[in-house]
Amino acid sequence: MTELTIPFILRADEEREIKEKIDHCNLQSNNIIVSGDSGCGKTSLIKKILKEYVSNSEFFVIYLDLNADLLSTSSFFEIFLFNVWNPIVCNEDPLMSIGEKQSFKSFMTRKMWRKGAAKRLFQVVVESISAIPTYGSTLSTLLKGENSDKSENNNVIDMADNIGEYLSFVSKTKKIILSIDNYQFMQNNIKVLFETYLQRIKKNISFITIYRTDNIQLNLPLCFGNDRKSIELSKFKAEEILKLLDKMYISNTSNENIANDCYSKTSGNLKEIELYLKDNHKSIIEGTLSISKTRSMKQVLLLMPDIQRYLVLISAMFPAGLKIEYVSKILNDILVLNSDDLLLHELQKLIALGYIVVNSVNHDLVKPAHEKITLSLNKIANEDEFVEFYNSIKATLENLIAHKIHDKDYVYILHCVIGLYNSKQLLEKMDYLIDLIKIEYERCAYYYIVSIYKQTLDLIEHLPEICLRKILDSIQKTSEFSLGINLLNILKQKKPSMYNKYRIYEVKFLTQSYDFEMALEELTYIPSNNETLLYQLNILQHIGKDIEAQHLVREILDAEDFDKWFYLVLRNSAHYFTYDEAVYNLKRTLKFFINSGTLFERATVLNNLGVITIWNQEFSEAIYYLTEALNIHKTINSNEIFEVFCNLGVLEFLRRNLEGAKTYTNKALETVPQSLSLDHIILQLNRLIIDLNSKVISPQGVYQEILQMYNNSIITKDPWVRFQVVYNLYSLELALNLSITEYPREYYIDKNLERNLTCFEIFVNVHLDGLDLPMSLSLSPNWRY
């Protein structure tokens with residue numbers, strides 16, 4: 001085929017606006033949003049611009065392309081680090097301009113003078129992305145230079161932290177262009193954390209987010225909202241195609257007919273326009289093009305030789321990529337391939353035509369060249385030939401599952417085949433779904449499990465009990481409470497017996513959403529056991545009924561039914577015991593969970609030991625417990641890590657390390673789930689007290705902030721949170737000679753000062769000019785799970 005380069009002349013205004021933003025990011029970091037339906041030229045526009053900046057030594061260019069595959073989107077931080085680790089080895093992308101001195105590997109070597117620290121992070125990255133074909137296939141090359149061993153665990157918080165520090169470091173000497181394509185696929189929990197870290201970089205970063213908006217609502221970035229440019233592209237009109245033809249070919253009257261035909265065959269989709277022109281390039285030059293013989297993408301696909309059509313369709317069905325090894329197996333089950341050379345030869349033809357790419361350093365991964373190729377599947381999905389082809393792929397992958405059960409590709413193949421199934425087929429192969437959920441639950445991949453649930457809603461009543469429990473538990477641990485209530489409503493309608501079995505989760509979701517009264521009422525419909533009593537205890541203490549809560553604790557302890565929930569009651573009731581009794585109960589609980597519990601449960605007990613040792617001013621003990629808890633929460637990517645950060649912030653304040661206190665409190669605010677609004681208030685209150693003591697905010701400023709919290713009706717749901725707000729507001733009003741809004745509840749003050757029972761608030765004096773202002777910091781015990 002004649003080589004064809006299509007000039008990019010149709011987006012001159014948009015190109016100029018984007019370049020202007022990029023060039024001025026040294027004044028203020030900014031966000032450029034490029035959105036539009038598939039095929040309107042978003043990626044082409046940004047790639048053209050980035051190519052102009054790659055060779056400019058003032059700029060540091062990073063381009064990443066996400067896809068809808070859950071295995072990839074749940075490993076965004078690892079993929080980011082992999083691409084910037086050692087760019088010479090990690091990627092061959094001309095849209096990345098990262099010199100060896102600016103590589104993440106070089107940065108980490110300088111930052112972590114102990115070589116082992118950088119190596120351990122590298123091992124985490126390698127292990128996490130090894131199951132993703134796009135990256136797993138490149139590891140053998142990279143590992144030769146790193147001598148990596150298997151890493152035990154993943155660590156999202158540390159990776160996000162390191163990415164933030166790395167980009168901040170680079171921004172001191174370079175302007176950064178960070179472009180992420182298909183940003184609509186970014187998982188929300190990762191998106192929030194990533195954007196929070198980016199927001200810290202005030203200058204020298206231009207953050208380009210490209211969104212495909214086909215039936216998708218834009219979820220705008222949290223960062224750089226003060227300097228944002230939004231550009232919405234639409235598909236090309238016939239007159240725009242005519243301008244393109246006049247630029248590429250000698251302008252003549254036939255160009256208008258060709259432009260109209262091209263538009264009718266492509267609907268103005270840039271990728272299809274490109275394929276149309278490649279298919280007809282020679283005829284247009286020679287002036288021999290016959291409109292009646294031109295073809296749409298669908299027609300081209302249907303007229304391709306079988307092996308080419310099947311290769312395109314395979315790539316479209318697996319947009320994250322499929323190894324050539326597995327592509328070959330699929331084709332051999334459909335066609336008779338005389339040799340692997342034939343497959344490679346046909347691949348080269350399709351690459352030249354612009355339908356597929358072979359990605360990765362090892363050049364062994366088949367992917368569609370554009371999302372439009374993937375979307376074209378629905379055009380022929382009902383044809384008999386495709387159904388037969390689809391069934392062959394499914395059968396091949398099912399056979400691979402049986403033979404790859406101990407292989408590193410097992411999870412990905414399992415993931416792929418489940419993605420191919422319709423509801424009826426998945427119902428017949430439920431073992432695959434059960435196995436995938438089991439594996440991912442053991443990895444504490446709660447967000448991934450929630451995503452699987454969203455894709456299998458219509459099968460929920462057919463799932464076995466063990467899967468339902470894992471899904472409900474994952475929903476709880478990711479704080480997706482409304483989603484959990486919806487799942488329970490489905491069970492209530494379709495499978496009442498299963499709903500009754502898991503009705504306790506209704507109580508859990510309502511409790512964690514602060515609907516305490518409704519949760520307490522719901523408990524009356526559930527048979528009593530230690531699990532229900534635990535949540536009754538949680539509710540009573542949060543609505544201020546401490547006497548009833550203490551009686552309930554005594555009843556549970558006297559019953560001596562030593563199951564998991566009994567020990568969680570011990571964990572959650574430290575503030576109803578003396579310090580020595582609370583330590584004894586928590587150590588007893590820790591021993592139980594070390595022997596028979598999960599890492600998550602162990603971390604929550606360690607955190608609570610840290611809470612009471614801070615309160616008792618045993619700081620060395622507190623550091624030990626909280627460090628242990630922090631390491632576990634990082635290991636399992638738990639969103640409860642915010643509570644450990646909160647407690648470390650209070651600890652550092654008491655140790656007079658105000659910078660450390662601020663750092664940890666900020667980390668808590670960055671990692672707390674958005675749905676936990678009361679926790680947000682407590683953390684914001686702590687940060688205000690720290691800032692006041694650091695004299696970065698005036699007492700009048702703090703007063704105004706706390707007054708807003710007081711006027712937030714959410715604080716009425718929890719008397720202890722209300723006390724914290726009122727106590728600090730009252731102290732400021734006294735100091736500033738203002739009228740008293742409300743007097744703090746004496747119960748909490750007396751309990752803390754008497755020190756007969758442990759407490760979760762720390763009374764401190766904030767030292768201002770000539771004044772010691774009494775304030776109250778909040779500790780954060782684990783109690784939800």
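The largest cavity in this predicted model holds about 510 Å³ of space. A cavity here is a set of points, on a 1 Å grid over the protein atoms alone, where a 1.4 Å probe fits but cannot get out; grid points are joined across faces, edges and corners, and the volume is the space filled by probe spheres set on the points. The model is predicted, with local features needing pLDDT of at least 70 and side-chain atom pairs pLDDT 80 or more, while totals for chains, interfaces and linings use all residues. Residues are numbered from 1 along each chain as its sequence is written, and side-chain values use heavy atoms, leaving out hydrogens and water.

**The cavities**

Searching the whole structure turns up 5 cavities of 30 Å³ or more. Let's start with the largest: its lining has 35 residues (those with an atom within 4 Å of a point). Nearest its centre you will find His542, Trp720, Phe760, Pro781 and Trp783. Several helices, DSSP runs of H or I with at least four residues, numbered from the N terminus, each supply at least two lining residues, among them α30 (530-542), α34 (599-615) and α40 (719-735). Helix α38 gives the largest share, 4 residues.

The second largest cavity has a volume of about 70 Å³. Among the residues lining this second cavity are Lys265, Glu272, Tyr276, Asp279, Arg295 and Tyr355. Helices α13 (254-266), α14 (270-286) and α15 (297-303) each give two or more residues to that lining, and α14 has the largest share with 4 residues.

**A helix pair**

Elsewhere to look: helix α26 (residues 481-494) packs against helix α28 (residues 504-512) at an angle of about 155°, with the axes 9 Å apart. Axes are lines fitted to C-alpha atoms over the stretch in contact, and angles run from 0 to 180 degrees between N-to-C directions. The two helices are therefore roughly antiparallel, a label for angles over 145 degrees. From α26, Phe481, Gly484, Ile485 and Leu488 meet Tyr505, Glu506, Phe509, Leu510 and Gln512 of α28, where contact means heavy atoms within 4.5 Å. By class, the residues of this contact are 6 nonpolar, 2 polar and 1 charged.

Key:
On a 1 Å grid over the protein atoms alone, a cavity is a set of points where a 1.4 Å probe fits but cannot get out, and a pocket is an open set with protein on both sides within 12 Å along at least five of seven lines; lining residues have an atom within 4 Å of a point. Angles under 35 degrees count as roughly parallel, over 145 as roughly antiparallel, 65 to 115 as roughly perpendicular and the rest as oblique. Ala, Val, Leu, Ile, Met, Phe, Trp, Tyr, Cys and Pro count as nonpolar, Asp, Glu, Lys and Arg as charged, and the others, Gly among them, as polar.
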